[in-house]
Amino acid sequence: MNKLVRSFTFRGLPIFVAVFVAFGVGSATRADIGFAQAVATARLVYPNQTLVALERDIGDPTLYATGSVSSDATLLYGLGIHAVNGAVIAATVESVKPPEDAMMLDVLARMPLVTIDFAQALTRARAFTGRSDLLVTDISLASELFMLFYDLGYTDGVRLMIDAITGQVVTVVETSTSA
């Protein structure tokens, strides 16, 4: 095993994160912290920001990438979280540019209506499909056509929408005219 040590500051205090990366071991045999822990980590590192995206990047190492947005939709806060041990290995803050800022403001304006969080959306998707969370590649909070929903994708390309207000699960059917 190789050991990497990174140092960064959180709220002005130095934080040292030890990351262990195993080589030659297939990612399917590794433990995984899961989406719920990645959500908790994102909310701990960036409190008072709205989590809008979570992605599982399968690779060596497998990472969770999170995206949280500021209340005025001007800043996007990102994290790279090691899927095996939960260590934060990257933290970014970047400006949100038009037209994405307007889309984020639309989502943020409707947040008081949300009754289903990321964990509940994953639970509903699991119950609906019978699939493991390890097959989920990404889940993001989106707003389109007067609907606020979680857009969830699986490794085989299957997509679901989970209504963030009612919790209803809808299978997304791609057509030749779908974007």
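Let's start with Arg-110, which is buried (under 20% relative accessible area, with exposed meaning over 50% and partly exposed in between, using a 1.4 Å probe and protein chains only), yet has no salt bridge. A salt bridge here needs a side-chain nitrogen of Lys or Arg within 4 Å of a carboxyl oxygen of Asp or Glu. For Arg-110, the nearest side chain of opposite charge is Asp-106, 4.9 Å away; Lys and Arg count as positive, Asp and Glu as negative, and His and the chain ends are not counted. Arg-110 sits in the loop between α2 and α3 (118–129). Helices (H or I, at least four residues) and strands (E, at least two) are DSSP runs numbered from the N terminus. Setting aside neighbours within four places in sequence, Arg-110 is in contact with Ser-143, Phe-146, Met-147 and Leu-148, where contact means heavy atoms within 4.5 Å.

Keep in mind that this is a predicted model, where local features need pLDDT of at least 70 and side-chain atom pairs count only at pLDDT 80 or more, while totals for chains, interfaces and linings use all residues. Residues are numbered from 1 along each chain as its sequence is written, and side-chain values use heavy atoms, with hydrogens and water left out.

So which charged side chains do pair up? Side chains of opposite charge can pair when their charged atoms come close. The structure holds four salt bridges. One of them joins Arg-126 to Asp-133, with the closest N and O atoms 3.0 Å apart; Arg-126 is partly exposed at 35% relative accessible area. Another links Asp-156 and Arg-131 at 2.9 Å, N to O. Asp-156 is in the loop between β8 (147–154) and β9 (159–163), and Arg-131 in the loop between α3 and β7 (136–144), so this pair ties together parts 25 residues apart in sequence. Then there's Arg-159 with Asp-151, whose closest N and O atoms are 2.8 Å apart. Here Arg-159 is partly exposed at 24% relative accessibility, whereas Asp-151 is buried at 15%.

Now for the backbone. A cis peptide bond joins Asp-60 and Pro-61, with omega about 10°, and Pro-61 falls in the loop between β3 (50–57) and β4 (63–69). Pro-98 and Pro-99 are also joined by a cis peptide bond, with omega about 0°; look for Pro-99 in the loop between β6 (88–95) and α2 (100–109).

Finally, Asn-48 isn't a glycine but has a positive phi of about 65°, and is exposed at 75% relative accessibility. Ala-73, not a glycine either, has a positive phi of about 60°, but is buried at 1%.
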